[in-house]
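User: Could you take a close look at one part of this model with me? I would like a connected account of a single residue and its setting.

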Amino acid sequence: MKILVSLGMMALLVPMSVGSAVADDGPSGRLRGQGVEATVQETQSKRVEQIVNDFMESVPDELERTRTVVERDRVDILTPYCLGMDEGDGNGYLDCFQMERELCAEVGSQYVIRAFYLNSEPGIAHRYGAPFCSEPSEPVVADPAEGESEVPPMPVVTLEDFRRLDISPSQIESDSGGFGLIRANTNFYATEESQTLNTTMLGQGVAIQAVPVRWTWDYGDGSEPLSNPYPGGPQREFNQETTTGHAYQDTGEFPVSLTTSYRGQFSVNGGPWIAIPGVAEVPSEPVSADIWRSKSKNVAENCVENPDGWACGDPFVED
């Protein structure tokens, strides 16, 4: 016996020889054999159809029982939408938290998404739908597996917040206190120090770090500002060319100013550092460059015998 099933229709083929149905092989015998075969095939087809119908009627009951079991095990929650972002370099987090801050302005409201988990698998939360701002009174669950209940909104430090911080500026240093000679390299350099400020936001501990990344010099003589990703350092010898020194082309006093660019990052409750896009520019207290011209003469004066001789009293002579 073979059963052929095609596109939901079932037919039962029962190969039978005519001789097996009747004793003789005459014309009447062949007719009788064919009639028996047709009757058997029809009976078997009805039986298969009944079995299929019985099975199909039982499917909804099984599905309903499965659905009932799942619903009994299912727990619906609201979970923070931003915590599902890819950490990467922190920009995904920051963009999401910035959007939460702008959209969910009501105190206690959070940017959430609907989710559910099964009590048998509390570590797997299935998110669905679109994110939205929760009501302040609605509980928000971050991690069902750890049994965390309501989660406070995630603090975020924006670039505007970062720029409002009291970041200490770099200090301008010089090898000779600002004194220099015309067309010689007068060297200035800056201090370099990262700073960490600790504060509390939304009831959570937040550490904000300012890291110097660029120093921009203005030497006060009308030349183009010089911007470097390094603070410079002392000269090893007079007139040594440095990356932050400057050769003045005239004598006089010139105001030297410095602006340090700081990049920022923040951490909440000792968690990973999250980058703050952009920089804060912090100006330093200016100093003066006092530039002189050197002049040489051959003299026969003895400064001990003649204290008023040329350059005996003071090596700095006004022209």
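Does glutamine 265 count as buried or exposed, and what is its relative accessibility?

Analyst: Happy to! Please keep in mind that this is a predicted model. Glutamine 265 has a relative accessibility of 14%, so it counts as buried, the cut-off being under 20%. This residue sits in strand 14, which spans residues 252-268. The chain has 16 strands, along with four helices, and 30% of its 319 residues count as buried.

Now to the side chain. Glutamine 265 and glutamine 209 are joined by a polar contact of 2.5 Å between their side chains. The side chain of arginine 263 also makes a polar contact with that of glutamine 265, at 3.5 Å. Setting aside neighbours within four places in sequence, glutamine 265 touches Ala207, Ile208 and Gln209, and also Trp273, Ile274, Ala275 and Ile276. For the chain as a whole, residues 24 or more positions apart supply 63% of the contacts with a separation of 6 or more.

For some wider context, let's turn to the aromatic rings. The chain has five aromatic pairs. In one of them, the rings of phenylalanine 116 and tyrosine 128 have centres 6.3 Å apart and planes at 50°, so this pair is tilted. Phenylalanine 116 belongs to strand 4 and tyrosine 128 to strand 5, so the pair ties together parts twelve residues apart in sequence. Tyrosine 128 is partly exposed, at 34% relative accessibility. Tryptophan 217 and tyrosine 219 form a stacked pair, with 6.2 Å between centres and 5° between planes. Tryptophan 217 is buried at 0%, and tyrosine 219 is buried at 2%.

Notes:
Residues numbered from 1 in each chain as written. Predicted model: local features only at pLDDT ≥ 70, side-chain atom pairs only at ≥ 80, totals over all residues. Heavy atoms only, no water. Helix = DSSP H or I, 4+ residues; strand = E, 2+ residues; numbered from the N terminus. Buried < 20%, exposed > 50% of the residue type's maximum accessible area, 1.4 Å probe, protein only. Contact = heavy atoms within 4.5 Å. Polar contact = N/O pair within 3.5 Å; in protein donor to acceptor, adjacent residues only side chain to side chain. Phe/Tyr/Trp six-rings, centres within 6.5 Å; stacked < 30°, edge-to-face > 60°.
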